[in-house]
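Please read the following walk through a protein model with the structure open beside the text.

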Amino acid sequence: MKILVTAKRIPDPGQKIKLKGNALDLSAANWQLNQFDEYAVEAALRLTEDGAAPATRQGAVTVASLGPADVQQQLRSALAMGADKAIRVEAKDEELDAVIVAKTLEKLVRRDQPDLVLMGKLAADNEGNDVGQRLAALLGWPQATFACSIQVVDGGKALLVGREVDNGVEIKKVRLPAVVTVDLRIIAPQAVKNGRTAANFAYPEGPRYASLKGIRAAKDKPIEALTLSGLGVSTALQVKTHGSELPPARQAGKKIASVHELVEKLRSEAKVL
Amino acid sequence: MGNVLIYLEQAEGALRPAALSAITFARAVHKAQGGKLLFLLIGDNVKGAAAQAATFGADGVLTVEAPALQHYLAETYAPIVARVAKEQGATLVGGTSTAVGKDLFPRVAGLLDAGLAPDISAVLAARQFRRATNAGNVYQTLEITSPAAVVSARQTEFSRAAAIGSNSPVSAVAPGNIDAQGAEFVELQTQKRDRPDLTEARIVVSGGRGMKDGKNFAQIEQICDVLGAAMGASRAACDAGMVPNDLQVGQTGKVVAPDLYIAVAISGAIQHLAGMKGSKVIVAINKDAEAPIFQLADYGLVMQWEKALPELLSELKRIKGA
């Protein structure tokens with residue numbers, strides 16, 4: 001199976017947020033791979049290997065990102081996990097919106113013709129949750145968003161995907177090629193079944209760490225550099241950000257000494273009981 | 001400027017509560033842009049829900065019905081929404097950002113080549129919207145500059161609309177060629193619960209990793225039952241398999257904003273706070289006085305849950321019985 005994984009770099013979500021004027025101040029940001037995209041890399045590797053013998057890979061995993069030259073660091077980390085090659089499309093973050101990103105990916109898909117596009121369900125910074133579905137629309141492909149499990153079925157021609165929905169898990173079947181966006185539980189030990197790895201095989205929870213060997217190998221793996229103009233993507237923004245502000249801080253309230261007092265306060269003061 | 005087309009979710013012949021929030025959002029955006037306000041319902045039988053939708057003062061209610069539309073699929077629904085938007089001259093298309101909305105609207109935006117304002121919390125102008133990003137720690141103002149705009153609204157930020165007793169014309173639109181593009185609904189794995197839905201409950205009681213074991217959540221369930229509350233959980237508790245994942249509150253789960261939110265044995269990771277800090281009154285019960293949850297709790301009780309929950313249950317039974 002040939003898989004294209006998309007990866008976005010984001011500022012460390014644990015860092016305190018600073019504003020400069022009415023824009024986010026990212027000058028001191030520690031950039032990292034969006035966690036959901038890292039999970040998509042892990043899922044792609046699980047789909048293309050025998051879990052018990054991961055060196056015997058079948059298929060190819062390409063990781064693509066849009067961004068400045070620094071994004072190579074995040075791409076190298078995905079290559080160190082085991083992806084085969086990477087693509088970086090030169091762009092400045094503030095000059096992108098979901099429309100441009102999806103159209104860029106559409107060009108890459110039409111050129112490289114993967115069987116599956118995998119990505120995180122959202123980027124944990126702007127929480128757009130837009131690109132995967134938009135890309136599927138542009139390609140006329142089926143989509144399975146918020147995936148918590150993936151099973152290869154029909155001799156590799158389709159996927160059975162468990163989707164996190166409001167009232168449980170929806171099982172959806174998608175013919176390949178398809179776009180799948182992954183949710184947190186995709187990295188559970190038995191969430192991905194590729195039909196090759198033994199059915200009872202269990203991965204350790206979470207995305208894999210890069211091995212020393214993997215890190216060394218990543219240095220020799222290719223990162224193809226492309227541009228938006230070279231791909232023929234229009235760079236007119238359809239979504240503009242006019243400014244950011246911090247929400248009003250919530251004041252810490254009082255400490256209560258007993259359950260009895262708590263219930264009385266909720267009744268007489270807060271009037272919510 | 002064009003018309004406003006709002007997709008309303010329905011189930012079993014009635015509007016879903018999320019649709020009532022969609023109508024409140026619809027009124028706000030319609031006030032900002034003008035034109036006609038149109039509601040759209042899709043399914044195998046939406047007549048009951050359409051009759052209900054007609055009482056909310058829209059200029060028209062459009063229905064698209066076919067047996068193949070019984071189960072929601074982005075692949076079949078998105079082309080219908082996009083086509084109806086074009087036919088009706090709608091330049092703003094939207095609804096609520098439920099699991100369906102989050103799946104559907106970006107695909108609709110892709111088909112319309114339109115910008116998307118996802119999961120917004122306020123309508124600032126016809127094309128300007130506010131939304132929370134970065135786990136609720138930033139408010140961002142977005143402007144859509146494409147001729148058509150697609151907008152999904154966060155359910156908890158728009159109250160449920162009240163009907164005004166209107167009698168909007170209801171008209172059926174032909175479903176056209178329905179092509180699932182290789183997608184198929186197989187089944188929904190769900191647990192029937194007698195309690196209200198998390199996103200709709202007036203009171204939510206959530207447990208965290210500190211509950212240690214799934215069976216201990218029975219004590220939270222008992223309290224929920226006395227209060228008519230929904231039960232929630234932190235990501236840590238869901239990841240540990242203590243409770244099903246659809247109970248998760250947070251950036252990666254559901255966003256809730258009840259009148260009362262009680263967090264039990266939840267330390268208060270950023271991503272959890274993102275899902276509940278819009279609650280009107282927050283109570284934290286945690287044995288660790290330094291837990292971050294106390295920084296935004298209106299009432300904090302530093303106590304082990306093992307001691308607090310039985311006491312709370314008997315206090316609540318006492319006042320509810322009285």
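Predicted model: local features only at pLDDT ≥ 70, side-chain atom pairs only at ≥ 80, totals over all residues.

Begin with chain A. Its secondary structure consists of 7 helices and 16 strands. The C-alpha trace of chain A spans about 65 × 50 × 40 Å along its principal axes. Of the 273 residues in chain A, 52% are buried. Another way to describe the fold is to ask how far apart in sequence the touching residues are. Among the contacts in chain A with a separation of 6 or more, 67% are between residues 24 or more positions apart.

Helix 2 of chain A covers residues 72–81. Its buried residues are Q74(A), L75(A), A78(A), L79(A), A80(A) and M81(A). An α-helix has 3.6 residues a turn, so residues three or four places apart point the same way. After helix 2 of chain A comes G82(A), which has a positive phi, near 140°.

Next comes the contact between the two chains. How many residues does each chain bring to the contact? Chain A supplies 78 residues and chain B supplies 84 residues. Between them, chain A and chain B bury about 6600 Å², and 52% of this is on carbon and sulfur atoms. On the side of chain A, the residues that lose the most area to chain B are D166(A), R250(A) and V259(A), which together make up 11% of what that side buries.

The interface also has polar and charged pairs. Across it, 48 residue pairs are in polar contact, counting pairs with both residues at pLDDT 80 or more. The side of chain A that touches chain B is made of 34 nonpolar, 20 polar and 24 charged residues. There are 5 salt bridges between chain A and chain B. A salt bridge joins E264(A) to R318(B), with 3.7 Å between the closest N and O atoms.

Strand 16 of chain A, residues 254–256, pairs with strand 17 of chain B, residues 299–302. The two strands run in the parallel sense, and the pairing has 3 bridges. Within this pairing, I256(A) has L301(B) as its bridge partner.

Now turn to charged pairs inside the chains. Side chains of opposite charge can pair when their charged atoms come close. Over all chains, the count is 37 salt bridges. One of them is between K8(A) and D125(A), at 3.0 Å from N to O.

E65(B) and K47(B) form a salt bridge in which the closest N and O atoms are 2.9 Å apart. E65(B) is in strand 5 of chain B and K47(B) in helix 2 of chain B, 18 residues apart. E65(B), at a relative accessible area of 22%, is partly exposed, whereas K47(B), at 55%, is exposed. A further salt bridge in chain B joins R195(B) to D225(B), at 2.8 Å from N to O. R195(B) sits in the loop between strand 12 and strand 13 of chain B and D225(B) in helix 5 of chain B, so this pair ties together parts 30 residues apart in sequence. D225(B) is exposed, with a relative accessible area of 52%.

The last stop is a network in chain A. Salt bridges link E42(A), R46(A), E49(A) and R208(A). E49(A) is found in the loop between helix 1 and strand 6 of chain A. The side chain of E49(A) also makes a polar contact of 2.6 Å with that of Y203(A). Beyond its neighbours within four places in sequence, E49(A) is in contact with several residues, among them P54(A), T56(A), R57(A), N194(A) and R208(A).

Technical notes
Residues numbered from 1 in each chain as written. Chains lettered and ligands numbered in written order. Heavy atoms only, no water. Buried < 20%, exposed > 50% of the residue type's maximum accessible area, 1.4 Å probe, protein only. Helix = DSSP H or I, 4+ residues; strand = E, 2+ residues; numbered from the N terminus. Contact = heavy atoms within 4.5 Å. Buried area = accessible area lost by both parts, 1.4 Å probe. Salt bridge = Lys/Arg side-chain N within 4 Å of Asp/Glu carboxyl O. Polar contact = N/O pair within 3.5 Å; in protein donor to acceptor, adjacent residues only side chain to side chain. Nonpolar A, V, L, I, M, F, W, Y, C, P; charged D, E, K, R; others polar. Pairing = 2+ DSSP bridges.
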